[in-house]
Amino acid sequence: MNTKKKELKVSAIANGTVIDHIPQGHVSKVMNILNLENFEDQIYFGANLDSKKYGKKGIIKVSNRYFKDSEINKIAIVAPTATMIEIKDYEVIKKTSVKIPDEVIGIVKCFNPKCVTNHENVITRFTIIDKENLKVKCHYCEKITKKEHIEFL
Ligand code: CTP
Ligand code: ZN
């Protein structure tokens, strides 16, 4: 191990995935979206860690688990700055930035109080119509929710 690894604030992992640069306050949302509550192997997470780029950040380290791009991209709505890092034998083998997907199912709440998804047991579904400024359009009521009004379920 080199000195850098000895300096890690959250333990290094041998094999698995590190989800780094999670915006402050969004660690548990990312855990939910990736369904990590029921995961049986080791998971480390840290919040309020210092980051040069973002001031404060969160991080999640999942041992012995790798994610598909489609799973990774689901977290982009809550953690657009996140980086997914794959670790094998303690070494970083791959780093990818998350990408906002075309559609988001069951993560965001519809801004329209009259929408069926706010009254009945219907899973929300949106098309992302603006990835840069994050605007989503409800599949059911067609109302557009802007970034500043996005609430997570
Ligand atoms: N990491 C880990 N276990 C390892 C190797 C790395 O948990 N065996 C984690 C580090 O804690 C770090 C991330 O993986 O959060 C990326 O590692 P590395 O590329 O070495 O770190 P930095 O160069 O600091 O990455 P960046 O500048 O992108 O934050
Ligand atoms: Zn709606």
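Visitor: Which domains does the domain assignment of the chain give?
Guide: This is a predicted model, to start with. The assignment gives domain 1 (16-97) and domain 2 (103-152).
Visitor: What separates the centres of domain 1 and domain 2?
Guide: Taken over C-alpha atoms, the centres of domain 1 and domain 2 are 24 Å apart. Six residues from domain 1 and six residues from domain 2 make the contact.
Visitor: How much area do domain 1 and domain 2 bury between them?
Guide: About 480 Å². Carbon and sulfur atoms account for 93% of that buried area.
Visitor: How do the residues divide on the side of domain 1 that touches domain 2?
Guide: Three are nonpolar, one is polar and two are charged.
Visitor: New topic, the metal. Which residues coordinate the zinc ion (ligand 2)?
Guide: Cys 110, Cys 115, Cys 138 and Cys 141, each through SG. The distances run from 2.3 to 2.4 Å.
Visitor: How are those donor residues spaced in sequence?
Guide: The pattern for the zinc ion (ligand 2) is C-x4-C-x22-C-x2-C.
Visitor: Why is the arrangement around the zinc ion (ligand 2) tetrahedral?
Guide: Because the four donor atoms subtend angles of 101 to 114°. For four tetrahedral donors, the ideal angle is 109.5 degrees.

Conventions: Residues are numbered from 1 along each chain as its sequence is written. Chains are lettered from A and ligands numbered from 1 in the order in which they are written. This is a predicted model: local features need pLDDT of at least 70, side-chain atom pairs count only at pLDDT 80 or more; totals for chains, interfaces and linings use all residues. Side-chain values use heavy atoms; hydrogens and water are left out. Domain bounds come from an automatic or database domain assignment. Contact means heavy atoms within 4.5 Å. Buried area is the accessible area (1.4 Å probe) that two parts lose on being put together, summed over both. Ala, Val, Leu, Ile, Met, Phe, Trp, Tyr, Cys and Pro count as nonpolar, Asp, Glu, Lys and Arg as charged, and the others, Gly among them, as polar. Donors are N, O and S atoms within 2.8 Å of the metal (3.2 Å for Na, K and Ca); water is not among the atoms, so sites may look incomplete. Four donors count as tetrahedral if all angles lie between 85 and 135 degrees; four count as square planar and six as octahedral if opposite donors are over 155 degrees apart and all others between 65 and 115; anything else is irregular.
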